[in-house]
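User: I am new to this structure. Please pick one part and take a close look at it for me.
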Amino acid sequence: MLQELAAHLGLVLVACALDALIGDPLYRLHPVRLLGALSLAGERLLFAVGLDGRGGGLLHWLLVVGGALAAWWGIGYGLGRWHPWLALAWDCFIAYSLLCMRDLLVHGQRVLEVLDDLPRARQRLGMLVGRDTDQLERDGIVRATIESLSENLTDGVLTPLWALCLFGLPGLIVVKAVSTLDSMVGYKTARYARFGWAGARSDDLVHWLPARASVPLIALAAALLRLHPRLAFQAARRYHACLPSPNSGWSEAACAGALRIRLAGPARYHGEWVERDYLGDPQWPTDLDGNDLRRALRLILLCCVLALGVGLTLAPLRVLMPW
């Protein structure tokens with residue numbers, strides 16, 4: 001049991017170390033890109049044979065999630081027949097490829113670096129958010145960047161990392177496959193309202209607990225940075241439901257409180273002005289600048305470090321529990 005625990009902890013630490021040192025690898029056969037290609041191919045096939053409702057969506061879910069698990073296991077099994085170290089290297093590579101803590105911070109830092117050059121800042125922000133960025137001023141760019149950082153803290157860092165720690169590589173692969181499905185078909189449009197139901201609901205499910213656990217994590221990081229931990233709890237309780245997602249409002253509202261700023265609010269999407277509620281008390285500022293983004297980056301960085309500590313504490317359950 002101790003040997004199994006040591007191997008599991010080693011996998012987690014190696015994956016996190018590679019992510020911290022190198023960042024997300026960019027190449028055509030990246031596992032997430034392959035998941036997207038598998039999702040698209042399966043969607044086209046099922047729509048072609050008329051399976052475009054909830055039943056087809058469930059088959060699509062099983063195809064993508066099952067295909068991802070089968071590919072990981074099959075390649076690992078084949079490599080293990082050559083040499084056990086090859087299978088271990090394969091597992092470390094997949095785990096590293098599916099974590100993206102460094103990239104989240106890098107994208108925020110890249111916006112901060114060019115904040116005085118609004119056209120370049122808007123362009124870099126456009127890689128992070130779905131809203132229109134071509135008319136945003138500096139405060140809007142900063143606010144949108146912090147929103148992206150705080151939202152992706154849950155689905156990009158906490159859920160994948162804790163899934164790896166608690167359930168091993170199969171858990172991490174399922175989480176990333178589900179997130180990919182949500183990003184591909186989880187939309188309330190005429191095409192995907194029924195077909196994408198399984199992907200969207202499963203994504204809500206896997207992020208449900210990490211989203212709520214993000215609040216004490218953000219509050220602890222705020223306390224260590226001498227920010228506003230009490231406001232993090234208060235804002236999460238008051239404003240988490242202001243966003244349509246059942247999960248993203250928790251970490252966004254908590255970060256707004258921790259930094260004592262207002263996030264969200266009205267924004268333009270695809271040329272249309274969308275009225276949204278603000279996250280945060282009316283007296284908190286919305287006119288944000290580079291100092292606010294620096295504080296947010298420090299907060300998210302510390303949250304990532306604390307999340308790893310929580311994950312390593314939970315990791316022994318992977319060995320002790322029957323899953």
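Analyst: Buried means under 20% relative accessible area, exposed over 50%, and partly exposed in between (1.4 Å probe, protein chains only). This is a predicted model: local features need pLDDT of at least 70, side-chain atom pairs count only at pLDDT 80 or more, and totals for chains, interfaces and linings use all residues. Residues are numbered from 1 along each chain as its sequence is written, and side-chain values use heavy atoms, without hydrogens or water.

Take helix H2, residues 31-48. Helices here are DSSP runs (H or I, at least four residues), numbered from the N terminus. Pro31, Leu35, Gly36, Ser39, Gly42, Glu43 and Leu46 are buried in H2. Seen down the helix axis, these buried residues fall within an arc of 145 degrees (taken from the directions to the C-beta atoms), so they line one face. On the other side, Arg33, Arg44, Leu45 and Ala48 are exposed. The buried residues pack (heavy atoms within 4.5 Å) against helix H3 (54-82), helix H4 (84-98) and helix H7 (138-185). Gly50 follows H2, with a positive phi near 85 degrees.

Now the rings. The whole structure holds four aromatic pairs (ring centres within 6.5 Å; planes under 30 degrees apart are stacked, over 60 edge-to-face, the rest tilted). Phe47 and Phe195 are 4.8 Å apart at their centres, with planes at 65 degrees, so this pair is edge-to-face. Phe47 sits in H2 and Phe195 in the loop between H7 and helix H8 (197-224), so the pair ties together parts 148 residues apart in sequence. Phe47 is partly exposed at 21% relative accessibility; Phe195 is buried at 1%. Tyr187 and Tyr192 form a tilted pair, 6.4 Å centre to centre and 50 degrees between planes. Tyr187 is partly exposed at 41%, whereas Tyr192 is buried at 14%.

Terms used. Helix = DSSP H or I, 4+ residues; strand = E, 2+ residues; numbered from the N terminus. Expected span 1.5 Å × (residues − 1). Phe/Tyr/Trp six-rings, centres within 6.5 Å; stacked < 30°, edge-to-face > 60°.
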